Amino acid sequence: MAAGAAKKPRPKYLSLTALLFEIRLPLAGWVSILHRASGALLFASTVWLLFMLDRSLASPRGFDFVRHYLGLAPVKLALLVLVWAYCHHFCAGIRFLLLDLHKGVDKARARASSIAVLVASLALTVFFGARLW
Amino acid sequence: MVTRTVVGAHYGLRDWLAQRITAVVMAVFSAIIVIVLMLGQPISYAVWRDFFAQGWMRVATLLFAASVAWHMWVGVRDILMDYVKPTGVRLSAQVLVLLVIAGYLGWTVQILWR
């Protein structure tokens, strides 16, 4: 080992600042962690979605309540976040299924498919969001 | 002294496969529902109720819900295994998640066959 070479501090701990500002995830990493985060969010939000499905199917009054409720801006925003979470989880999931089949495993195509997932899920969110509004 | 940790054994491949099969079921169902709802008439209460009253729709939704339940269990369990290290806390959290998922599934059945 060359003497005088700059010695990096070791061990390197993954602090929150390191995660946020020092480590730059590759795009595939972003797709992966967002897949996990969106999955956790969907798990936690299912109770809310079931509540709305329940009310909307229970009676005409319940249906009108949900329609009115979904018209409220914060509710719409929350639903839009879930629409994104579903779309991202869907698109990233299909990418992972294809990777399992050894499709697009090389660096260039894996990167391209990461971009495709991020863009497609945002585009789908805009599409469904526009229809919901 | 041999220290054993609660990690289970031999369920890795089954869960990995279940995660993917349920994913395909959910993806197909999602695509069909989105297309059917977008091509159909504007949604009023009657349209909405009749849509979920059809036999095929009830069974398909139940299959979807069962897939969601299984998929959720594997996914959330993976997250807990990654981040929650103390065995007791992790086991408690996993039991809680299972109960929540069972509740989701029971509620779905109740909504579909009321």
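Is A:Arg36 buried, partly exposed or exposed? With a relative accessible area of 25%, A:Arg36 is partly exposed, because the buried class ends under 20% and the exposed class begins over 50%. The structure described here is a predicted model.

## The interface between chains A and B

Chain A brings 27 residues to the contact and chain B brings 30 residues. The area buried between the two chains is about 2400 Å², and carbon and sulfur atoms give 70% of that area. Three residues, A:Arg36, A:Phe43 and A:Leu57, supply 30% of the area that chain A buries against chain B, more than any other three residues.

The rule finds 11 residue pairs in polar contact across the interface of chain A and chain B. On the side of chain A that touches chain B, the elements giving two or more residues are α2 (27-58), α3 (60-69), α4 (73-100) and α5 (107-132) of chain A. Of these, α2(A) gives the most, with 15 residues. By residue class, this side of chain A divides into 18 nonpolar, four polar and five charged residues.

## Salt bridges across the interface

Three salt bridges are found across the interface of chain A and chain B. One of them joins the side chains of A:Asp100 and B:Arg20, at 2.3 Å from N to O.

A:Arg36 also forms a salt bridge with B:Asp82, where the closest N and O atoms are 2.7 Å apart. This pair crosses between chains, linking helix α3 of chain B, which holds B:Asp82, to helix α2 of chain A, which holds A:Arg36. B:Asp82 is partly exposed, its relative accessible area being 38%.

## Salt bridges within chain B

Over all chains, the count of salt bridges comes to nine. Within chain B, B:Arg77 and B:Asp78 form a salt bridge whose closest N and O atoms are 3.2 Å apart. B:Arg77 counts as buried at 9% relative accessibility, whereas B:Asp78 is partly exposed at 27%. Through shared partners, salt bridges join B:Arg14, B:Asp15, B:Arg77 and B:Asp78 into one network.

A further salt bridge joins the side chains of B:Arg49 and B:Asp50, at 3.3 Å from N to O. Here B:Arg49 is partly exposed, with a relative accessible area of 39%, and B:Asp50 is likewise partly exposed, with 41%.

In soluble globular proteins, nonpolar side chains tend to be buried together. The largest nonpolar core of this model has 28 residues, and those with the most contacts inside it are A:Phe43, B:Phe52, B:Val97 and B:Ile101. The elements that give two or more residues to this core are α2 of chain A and, from chain B, α1 (12-39), α2 (45-53), α3 (55-83) and α4 (87-112). The most comes from α3(B), with 10 residues.

Apart from neighbours within four places in sequence, A:Phe43 is in contact with B:Met72, B:Val76, B:Val97, B:Val100, B:Ile101 and B:Tyr104. A second, separate core has eight residues, among them A:Leu42, A:Trp48, A:Val75 and A:Leu79.

## A buried histidine in chain A

A:His88 is found in helix α4 of chain A. With a relative accessibility of 0%, A:His88 counts as buried. Not counting residues up to four places away in sequence, A:His88 touches A:Val31, A:Leu34, A:His35, A:Ser38, A:Gly93, A:Val117, A:Leu118 and A:Ser121.

Definitions and conventions
Residues numbered from 1 in each chain as written. Chains lettered and ligands numbered in written order. Predicted model: local features only at pLDDT ≥ 70, side-chain atom pairs only at ≥ 80, totals over all residues. Heavy atoms only, no water. Contact = heavy atoms within 4.5 Å. Buried area = accessible area lost by both parts, 1.4 Å probe. Salt bridge = Lys/Arg side-chain N within 4 Å of Asp/Glu carboxyl O. Polar contact = N/O pair within 3.5 Å; in protein donor to acceptor, adjacent residues only side chain to side chain. Helix = DSSP H or I, 4+ residues; strand = E, 2+ residues; numbered from the N terminus. Nonpolar A, V, L, I, M, F, W, Y, C, P; charged D, E, K, R; others polar. Core = buried A, V, L, I, M, F, W, Y, C linked by side-chain atoms within 4.5 Å. Buried < 20%, exposed > 50% of the residue type's maximum accessible area, 1.4 Å probe, protein only.
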